[in-house]
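Here are some notes to read alongside the coordinates.

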Amino acid sequence: MSSAPLRSPALRPHRMKKDESFLGKLGGTLARKKKAKEVSDLQEEGENAMNLPMSPASVEIHPEDTLLEENQERTVIDPTSRDDPRFRELVKVLIDWVNDVLVGERIIVKQLEEDLYDGQVLQKLLEKLADCKLNVAEVTQSEIGQKQKLQTVLQAVQELLRPHGRALQWTVDTIHGKNLVAILHLLVALAMHFRAPIRLPEHVSVQVVVIRKREGLLHSSHVTEELTTTTELMMGRFERDAFDTLFDHAPDKLSVVKKSLITFVNKHLNKLNLEVTELETQFADGVYLVLLMGLLEDYFVPLHNFYLTPDSFDQKVHNVSFAFELMLDGGLKKPKARPEDVVNLDLKSTLRVLYNLFTKYKHLE
């Protein structure tokens with residue numbers, strides 16, 4: 001932050017007339033009273049705007065949120081939405097992801113709106129994700145410098161995301177203004193674009209109060225901001241299949257499908273004295289998938305082609321990706337799921353992969 005300029009000590013005159021001293025004090029007193037009244041009026045105006053007859057339940061508004069310029073607007077998240085478990089999970093998942101990406105930079109993010117607003121962390125995050133170097137000053141304390149850095153970073157983000165047709169839901173002003181909703185939109189978009197190895201909670205929405213100043217008066221409105229949808233939609237996979245229907249409309253039949261698939265995979269894995277009881281967890285490291293493909297296609301998979309005891313996310317993704325390659329070699333279509341989805345314990349993705357195998361190999365002895 002920029003420090004306040006040092007003020008030179010004023011030269012004190014040798015003499016001051018009594019009436020000048022009195023008028024100076026009176027003027028100062030009147031100025032202070034006027035300033036105090038302006039602040040009081042603004043706060044009262046803000047409170048009145050928040051308590052309109054048509055407004056929903058009252059939301060705690062900080063005085064600074066009502067000190068707006070003409071045509072300026074500010075958003076405040078409803079406390080109920082802040083306390084929603086899915087919203088809190090989304091924030092935590094994104095913070096953990098950012099910290100994982102920046103672990104080599106010795107940067108630790110604790111609060112998104114306070115740690116990302118000046119562009120410093122966002123610069124490092126984008127450089128790491130995109131493996132690039134942005135032409136910006138490393139450290140900027142002034143507001144102008146911070147906004148210039150943000151402009152460069154967000155321009156680079158826009159160039160990356162534009163081909164995907166996403167509507168950008170953030171600006172330099174909203175990010176620098178510590179708008180948590182805008183920051184979350186930005187991080188979710190980055191996580192999706194770079195296929196982050198995380199599992200975002202689905203269907204996260206927040207209620208926000210939008211405060212605007214028009215013709216000197218404050219106006220408020222309540223809107224719903226959708227932060228995440230489904231994993232398929234966020235990843236750009238819009239074609240629904242039988243598993244979408246199964247999960248959405250027939251969850252009671254899910255256990256039947258899982259039992260059938262467990263019976264199928266154990267029929268073959270038992271030949272290696274292996275047994276599956278939990279589909280979503282035991283296939284997540286890719287080992288059983290690779291071994292299963294070898295059994296189904298009747299060949300030995302060289303152990304140097306995959307990690308038999310993977311101990312990192314990347315090694316697990318390698319294994320699942322390798323299993324997908326074996327499936328393609330076996331004449332199967334490219335799996336709809338991503339390797340990262342299987343590693344992230346996404347049950348629907350794992351079921352899709354296994355059902356694909358079941359359809360082709362169910363008659364094998």
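1. Let's begin at the surface. Phe300, Leu303 and Leu308 make a nonpolar surface patch of about 350 Å². Phe300 sits in the loop between helix H13 (287–297) and helix H14 (313–329). With a relative accessible area of 66%, Phe300 counts as exposed, because the cut-off for that word is over 50%. Please keep in mind that this is a predicted model.

2. Next, the helix that follows that loop. H14 has 17 residues, and its first and last C-alpha atoms are 24 Å apart, close to the 24 Å expected at 1.5 Å a residue. Which residues of H14 are buried? They are Gln315, Val317, Asn319, Val320, Phe322, Ala323, Phe324, Leu326 and Met327. The cover over these buried residues includes H13, H15 and H16. Just after H14 comes Gly331, with a positive phi of about 95°.

3. Leaving aside residues up to four places away in sequence, Leu94 touches Leu184, Leu187, Val188, Ile198 and Leu200.

4. On to the charged pairs. How many salt bridges does the count come to? The count is nine. One of them joins the side chains of Arg82 and Glu113, at 3.8 Å from N to O. Arg82 lies in helix H2 (residues 79–82) and Glu113 in helix H4, so this pair ties together parts that are 31 residues apart in sequence. Arg82 is partly exposed at 35% relative accessibility, whereas Glu113 is buried, with a relative accessible area of 11%.

5. The next residue along in H4 also has a partner. The side chains of Lys178 and Glu114 meet in a salt bridge with an N to O distance of 3.0 Å. Lys178 belongs to the loop between H7 and H8 and Glu114 to helix H4, so the pair ties together parts 64 residues apart in sequence. Lys178 is partly exposed, with a relative accessible area of 34%, and Glu114 is partly exposed too, at 37%.

6. Arg199 forms a salt bridge with Asp346, and their closest N and O atoms are 3.8 Å apart. This pair links distant parts of the chain, 147 residues apart: Arg199 is in the loop between H8 and S2, and Asp346 is in the loop between helix H15 (339–343) and helix H16 (347–361).

7. Finally, two backbone angles to check. Asp131 has a phi near 50°, a positive value in a residue other than glycine. Asp131 is found in the loop between helix H5 (120–130) and helix H6 (143–161). At 71% relative accessibility, Asp131 counts as exposed.

8. The other angle belongs to His203, whose phi is near 55°, again a positive value in a residue other than glycine. Where is His203 placed? His203 is in the loop between helix H8 (180–193) and strand S2 (205–214). With a relative accessible area of 44%, His203 is partly exposed.

Conventions: Residues numbered from 1 in each chain as written. Predicted model: local features only at pLDDT ≥ 70, side-chain atom pairs only at ≥ 80, totals over all residues. Heavy atoms only, no water. Helix = DSSP H or I, 4+ residues; strand = E, 2+ residues; numbered from the N terminus. Buried < 20%, exposed > 50% of the residue type's maximum accessible area, 1.4 Å probe, protein only. Patch = residues over 30% accessible without salt bridge, like charges linked within 9 Å, V, L, I, M, F, W, Y side chains within 5 Å. Areas by Shrake-Rupley, 256 points an atom, 1.4 Å probe, with all protein chains shown as cover. Salt bridge = Lys/Arg side-chain N within 4 Å of Asp/Glu carboxyl O. Contact = heavy atoms within 4.5 Å. Expected span 1.5 Å × (residues − 1).
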